[in-house]
Amino acid sequence: MKRKEEGRDDRTGNFPPSAARRERRTPSAHRMATWWDKTIARWQDEGLPRGMDGVQIKEYFGLDVDIQFWIRPLPHFESSGSVVETAEEFTQALKAFGDDVFAPLRPRLEWAAERQRNGDIAWISFDGFFWFPRRLMGIEQHLYAFYDKPGLMYDMNQYLLEFDLKALEVVLEYFTPDFMTFGEDMSYNHGPMLSRACFDEFLLPYYRKIIPVLESRGIFPIVDTDGDLSAMVPWLMDAGLRGALPLERQAGVDVENLQCSFPDFALLGGFDKMTMFTKDDSDPREAMRREFARLLPAMKRGRFINSVDHQTPPSVSLRDYRTYLSLLKEASYLPASM
């Protein structure tokens, strides 16, 4: 572990617990979502060295190096163009697309374990119990299925639970993740996509089975849901989830209000990516500075990591991204005023 800098003010608030203990080159600069491919292509045209992978790009920018594994069942299902509408079709999908996803992962898991031992962050993601049935059914049919096909929903989520528990066993052979996320995307700019009753019936029982297992191994469970999740935070906490990302500002998420209302619920994201560029390519520094000032009190209180609220879009130039990183570093060392 690297030596902590003198006078360092690291505002992670013990979130995630083990990751927060690690020294950061740029404080609190964990990126839950990095950059679009088109963003990287633009930056390469503007001077970013070519040929670097995601880890090397983070090192180049002085960001935390975090290594994610999204481990999901039926990884090739979507590319088939199929949808599942019946229990029989679900069984057929398991036979046709139930490849061994673990064997190809093992070399990278071993590599990630070594990186973690040297101070990097290693984390995993699983399909959540809203996300997985939607992958198989399609968006519209999935929403109908809460009412028309509850048995199929139970079958899918029971299968997912067993898969996720097996995936966790495999990962733990190599390292203990610093934190993990359940990919859900079950909210949008007007709030949740499902009712509390549907959440309690179709998602909650499975969360209550897997989260105690995660926490028994010291793994911090977080939900990844785009849009405005504010109304569903109490549901998530009841399920045992300890935090959320990405807190999209354009969907109306108010980090300050969430933090004051739910001080034990950890938050990651929240920085409005729309402040990082201008339509006329003028300098957005002052807009970004105001955005950091908006979030600085939450950074000071802790249990919040300031990060761009989703992937950095290709509208952001390399120059402007460097400005963002400079301001992030500045904000991470300042008192709660800017």
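Residues are numbered from 1 along each chain as its sequence is written, and side-chain values use heavy atoms, with hydrogens and water left out. Because the model is predicted, local features need pLDDT of at least 70 and side-chain atom pairs count only at pLDDT 80 or more, while totals for chains, interfaces and linings use all residues.

**Exercise 1.** State which residues form salt bridges with Arg-115, and where the partners lie.

Solution. 
- Step 1: apply the rule. A salt bridge is a side-chain nitrogen of Lys or Arg within 4 Å of a carboxyl oxygen of Asp or Glu. By this rule the count comes to 20 salt bridges.
- Step 2: find the partners. Arg-115 and Glu-59 meet through their side chains at 2.8 Å, N to O. Arg-115 also forms a salt bridge with Asp-120, where the closest N and O atoms are 2.6 Å apart.
- Step 3: Helices are DSSP runs of H or I with at least four residues, strands are runs of E with at least two, and both are numbered from the N terminus.
- Step 4: check accessibility. Buried means under 20% relative accessible area, exposed over 50%, and partly exposed in between (1.4 Å probe, protein chains only). Glu-59 is partly exposed at 37%, whereas Asp-120 is buried at 8%.

**Exercise 2.** Describe the surroundings of Ser-317 and of Asp-320.

Solution. 
- Step 1: locate Ser-317. The residue sits in the loop between strand S9 (304-308) and helix H14 (318-333), and its relative accessibility of 4% makes it buried.
- Step 2: list contacts, meaning heavy atoms within 4.5 Å. Leaving out residues up to four places away in sequence, Ser-317 touches Arg-42, Trp-43 and Glu-46.
- Step 3: turn to Asp-320. A polar atom of the Ser-317 side chain lies 3.0 Å from the backbone nitrogen of Asp-320. The side chain of Asp-320 meets that of Arg-319 in a salt bridge of 2.8 Å, N to O.
- Step 4: compare accessibility. Asp-320 is buried at 1%, and Arg-319 is partly exposed at 41%.

**Exercise 3.** Is Ala-231 buried or exposed, and where does Ala-231 lie?

Solution. 
- Step 1: Ala-231 lies in the loop between strand S6 (220-224) and helix H11 (233-239).
- Step 2: its relative accessibility is 51%, so Ala-231 counts as exposed.
- Step 3: its C-alpha atom is 9.7 Å from that of Arg-196, a residue 35 residues apart along the chain.

Terms used:
Polar contact = N/O pair within 3.5 Å; in protein donor to acceptor, adjacent residues only side chain to side chain.
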